[in-house]
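Visitor: I would like to go through this structure with you. Could we begin with the aromatic residues?

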Amino acid sequence: MNQVSTSKQIEAVAYFRSLLRPIYRKRRFIHVAEVDAGLFGTASILEELGALNPFLLAGNRGTTKSQFPGEAEICTLNVQGATIVETARRFEAMLSNLPPAIEDRINRWDPDLSAQWVCAAMLSEISLVSGRIKYGRRKPEWTALENKTTIDGFWDYAGIEHSQSRVVGLQDPNLNEAAMCLDSGLGTVWSADNRDGVHGGATGIRWLKRIREIETLVREMGEFANSVRISPFLEGIPMSIHGIVFPKYVAVFRPVELITLRFKNQNQFLWAGCSTGYDPSDCDRFEMRRIARNVGNCLRESVNYRGPFSIDGILTESGFTPTELNPRMSGGFGALTRGFSGLPLAPLCWSVIEDEPLDFRPSLLEQAILEAADSSRVFGGHVVTLRRFDEVIELGLVRDGEDYREALPNEVPVVQLTCGPSPVGGIVFVRLAESVTNTGLLVAPEMVRALRYCDERFATGFGELECAREMRSTATN
């Protein structure tokens, strides 16, 4: 991955660090993340912005070799779950009711209760951690937009074309009829409501492939939802487009591949991270960015929104069709800025959410991130597994026909495979070598091969996986 900084990137890093230093200097923060690996970046940046010695609060161990700031207090809550969403919810619940021993440590670290807490990414919002308020907290009317059964009303308000859909109760006698009417030949996608809270990472989404399987699906989804949004299954590449809403401008960035795999013999999807290697056509890129800018303006107009957001959708044969809105910092921002060393993105977004009276220069940020994301591509992804890894394992892989195998000592790996611990049990990272990457490459097929190798070598239990088919030409229209 090329990490040569452009003059615009250098200018942006210098400007935003100078802009934010008065905001964060001599302030004390509790840094919160589901895994300790998510604490290193923002804690280090805030330290460089002049913040005082941090308190680091993690849900569990992650897979990282990074070193934390030397004097930082670190606590791990040992939160686990069967899925990424279950883990997130358990972590959020524990944050609201911390063990007394950890409360005592925080109070000794911050005896005058002057600290606030921050988190780079969180599904839901909670008000207090150990009696300290959050800096960069999203408003309830913002988080309410991340309901997959009500989002079509916002698309209509913003004038964004979307698929036909119907929201139906799981006990509604018209459920079968709705599914059959909306099936355009490939089945239907069912998206759960937020009965049990916000969900992401495809955990609340199911694919009804055959109408005879509807009773099984209703029983399954009834465990976590009362109603579902039913829409036609769309073949094409899952993609996302990201933006940041400022007081008078919406910065928008480049398209991101959502590595969403399909279980061959199940109705679920497997989210496997984000990649920036794939390039839609110039026309599709323009249209996705236009949609994002329009959505950002409508977010500001309708709920006075500030901060980061993303729009997920499918690049179908007829173009990009949005499916859901994430009014928060989502995973694609990490891929967009992976090669942008030194940019204080999360602290910048927190200050935007707080409506700090600063000259944010959003067009500078937009141009710098676009240049960084286009020149420093991310070819890889990650996926959690119930298979437990207690230690980090790193392997180089090479292609062997349609599969991967471990590289011999005299062979140059084309894939770097890293397996390590996560709150779910384990996590698998896949990174393609620069020697085999090129702009336009979809990562999803390589993830399928890599996870097949993991099943054979480590008994990870992913099973037979498939990926989306490219339906639209990437040539400039």
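Guide: At 4% relative accessibility, Phe360 counts as buried (under 20% relative accessible area with a 1.4 Å probe, protein chains only; exposed is over 50%, partly exposed in between). This is a predicted model, in which local features need pLDDT of at least 70, side-chain atom pairs count only at pLDDT 80 or more, and totals for chains, interfaces and linings use all residues. Residues are numbered from 1 along each chain as its sequence is written, and side-chain values use heavy atoms, with hydrogens and water left out.

Visitor: How many aromatic pairs are there in the whole structure?

Guide: The search finds 13. Rings of Phe, Tyr and Trp (its six-membered ring) pair if their centres lie within 6.5 Å; planes under 30 degrees apart count as stacked, over 60 as edge-to-face and the rest as tilted. Phe246 and Phe360 form a tilted pair, 5.6 Å centre to centre with 50° between the planes.

Visitor: Is Phe246 buried or exposed?

Guide: Phe246 is buried, with a relative accessible area of 2%.

Visitor: Which residues form an aromatic cluster?

Guide: Tyr24, Phe29 and Tyr135 form one.

Visitor: Turning to charges, which ring does the charged end of Arg28 sit over?

Guide: That of Trp109, 5.5 Å from the ring centre. The criterion is NZ of Lys or CZ of Arg within 6 Å of the ring centre and within 35 degrees of the ring normal. Arg399 likewise has its charged end over the ring of Tyr404, 5.9 Å from the centre.
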